[in-house]
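Here is a short briefing on a protein model. Keep the sequence and the structure open as you read.

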Amino acid sequence: MTRMRYLEALRQGLHDEMERDDGVFVIGEDVRQGLRGVSRGLLEAFGPDRVIDSPISEAAFTGFATGAALAGMRPVVEFQVPSLMYIAFEQIVNQAQKFSLMTGGQVKVPVTYLFPGSGARRGLAGQHSDHPYSFLVHAGVKTVVPTTAEDAYGLIISAIRDNDPVALFSPAAVQAQRGEVGDDRAPVALGTARIHRRGEDITVVAVGHLVAEALRAAEDLDKEHISVEVFDPRSLLPFDRAALVASVMRTGRLLVCDDSYRTAGFGAEVAAFAADECFAALRAPVRRVSRADVPVPFSVLLEEQIVPSHQCIIEAVRDLVGAGGPSRD
Amino acid sequence: MDMTDESTLPIRMYRTMRLIRRFEEEVRRLVNANEIAGVAHEYIGQEAVAAGLCAALSGDDILTSTHRGHGHLLARGADVSAMMAELFGRSTGLNRGRGGSMHIADFSLGIYGANGIVAAGAPIAVGAAWARRQLYPDKNAVAVTFFGDGGINQGVLAEAMNMAAIWDLPVIFVCENNQYAVTARITEMSKVPIGQRASSFGMPVVTADGMDPGAVFDAASGVISSARRGEGPQFLECQTYRFVGHQTAEAALRLSYRTDEEIARMRERDPLVTWPARIREEGLMSGQQQDQIDADIELCLAHAIEYARQSPEPLAGSAFDYAYASSDFPGFPAAGWGGRP
């Protein structure tokens, strides 16, 4: 095991794939300097043909990557800020994502989109605080949100090796955290969830940095004799349906924690899925803890009113477990 | 143009233009007869551009096309029957019935697809040009990206031109200026002449008469050679005209954005009339040769339409096929109503 920061694990995964496959290259803004940390040192290791600074042209560099992928390469596109995705949305969801079907399978588009620094970061205000993964999930783009260093390493590798477009969101709140990465340097398969903590009374699905919040909440709730299972999908699309069904069938309760906008967000999809598949097992309504449906205000005090915290999770769990009565004698 | 070296070129370009014209006339008929579903944007009037430009390409070159893309594919030698079957939505179509008119593609010929979004192919062509230069430097290939006068106002085209320019990529930006973005005249939608946009990115600009395949061929040969020599991206404006509406159904809308007189005036320059007259006069094609070409094309189209009609529909259970290169996950992609179709 090697202990490293989440961001180092992402960088190591990218480095290892570039070493393994000559077709992998990085394009984005300020990637030569590694401004966001993911590509730092790669210019020295692989040269300027494989670490390419683009002009500030998000739509065009996204299309550029599609063209390079269609021509046989395996591009990794870094968006300096996740919300820059909006500028490139057409090229992601209407071009790259649809090419395989529209051409009747003539081609594949093995592009990875990296979104480092995702989510609110205290004071970044309206246009730099989004966690926009729900948009891509809705449009059918394979999407992963690793939460630990080990998963960051394993998922960036799987994202790059996958033959479809894959988006990887790296939450700002966990990028500096350290964790163990196995020496086997194994990929983490898309579509596989990780249960961070086993519990009996309720399944808490948490995405991204909310996994850490849910684990904190679980610690606190344990003192109240509420046993929380913390379920990290890691891969939002494809989603590990079987693991969720198995968990909810055991616990009988579900809370979904998702720091994207509430209405039609990823959490809504998980809740609807559970209502379909686990109805008989549910002893309480499915509930969501999400971001409010408004842009993040600049004031840090107001920001805290908008984005979910571990306290929201504690309150929601108490409510749900109370609603269904204690499950343990 | 110099016709001594390639004596068959004028005939080849005539044949290409005739095939496109007749293909598109049949498509109009079949759309109106509800045999072809959806929307078709015919290339009628613009044939000289595809014929002249594609005659100047070599086998390793690639292109991205537009919503008005049939002509580009035909000029590049795409299989006529497989194209027609695609427009019919059949499993034997180029895209197995998944693309239709607006997404028709043949990657085996370097055709990276028609595209339903204006100018969206431009950055794709730029990326492909870069990647192919990295992967196959000896091929010395170019990428052509077609767009219309409407495309000139898309931001992504400006971004793509700049990227191609700063990286000296072998990309030919071909503006097929047919004067109208659907119903809006280019002179109303751009303050400056089209070429001025490109020259501001540091790119050479050439303008050609897009109603004359010989002129397009000459201009295209020049800019393609420059790009192959490593002189970076090139911009070629072909001034042309579409004789019919933006798409088939426009005929029924009785729009007033251009006059019948204007269309009639442009039809006097119809390349399907002027080009064969000229090359016959110059002794480069006999009347008998022309008749034979025309007859061959009729047979080819009759066969293509029959092939399309007789071809099987895709299997109803195959609607999810090709959505992903790898989709081996339970319940993925999700069906709209439980289970898979």
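In chain A, the centres of domain 1 and domain 2, taken over C-alpha atoms, are separated by 26 Å. The domain bounds come from an automatic or database domain assignment. This is a predicted model: local features need pLDDT of at least 70, side-chain atom pairs count only at pLDDT 80 or more, and totals for chains, interfaces and linings use all residues. Residues are numbered from 1 along each chain as its sequence is written, while chains are lettered from A and ligands numbered from 1 in the order in which they are written.

**Domains of chain A**

- Domain 1 of chain A covers 2-181, and domain 2 of chain A covers 194-324.
- Contact joins 23 residues of domain 1 of chain A to 22 residues of domain 2 of chain A. Two residues are in contact if their C-beta atoms, placed from the backbone, lie within 7 Å.
- On the domain 1 side, the elements of chain A that give two or more residues are helix 6 (133-138), strand 6 (142-144), helix 7 (149-161) and strand 7 (166-171). Helices (H or I, at least four residues) and strands (E, at least two) are DSSP runs, numbered from the N terminus.
- That side of domain 1 has 12 nonpolar, eight polar and three charged residues. Here Ala, Val, Leu, Ile, Met, Phe, Trp, Tyr, Cys and Pro count as nonpolar, Asp, Glu, Lys and Arg as charged, and the others, Gly among them, as polar.

**A mixed sheet in chain A**

- Five strands of chain A form an open sheet in the order 9-11-10-13-14, with mixed pairing. Two strands pair if DSSP finds at least two bridges between them.
- Strand 9 (194-197) and strand 14 (287-291) of chain A are at the edges; each has a single partner strand, so one side of each has no neighbour in the sheet.
- From one strand to the next, the twist averages 25°.
- Strand 10 (residues 202-206) and strand 13 (residues 254-261) of chain A run parallel and are joined by four bridges. A:Val204 is opposite A:Leu255 in strand 13 of chain A.
- Helix 10 (residues 266-277) of chain A lies across strand 10, strand 13 and strand 14 of chain A, at about 155° to strand 13. Axes are lines fitted to C-alpha atoms, for helices over the stretch in contact, and angles run from 0 to 180 degrees between N-to-C directions.

**A parallel sheet in chain B**

- Chain B has an open sheet of five strands in the order 1-2-3-7-6, and the pairing is parallel.
- Strand 1 (62-64) and strand 6 (205-209) of chain B are the edge strands, each pairing on one side only.
- Strand 1 and strand 2 (residues 143-148) of chain B run parallel, joined by three bridges. B:Thr64 has B:Thr145 in strand 2 of chain B as its bridge partner.

**Where the chains meet**

- Chain B gives 39 residues to the contact and chain A gives 36 residues.
- Helix 5 of chain B supplies the largest share of the chain B side, 11 residues.
- Helix 3 (residues 58-70) of chain A packs against helix 6 of chain B at about 65°, with axes 8 Å apart. The two helices are therefore roughly perpendicular (65 to 115 degrees; under 35 is roughly parallel, over 145 roughly antiparallel, the rest oblique).
- Residues meeting here include A:Gly63 and A:Phe64 in helix 3 of chain A, and B:Glu159 and B:Met163 in helix 6 of chain B.
- This helix contact divides into six nonpolar, two polar and one charged residue.
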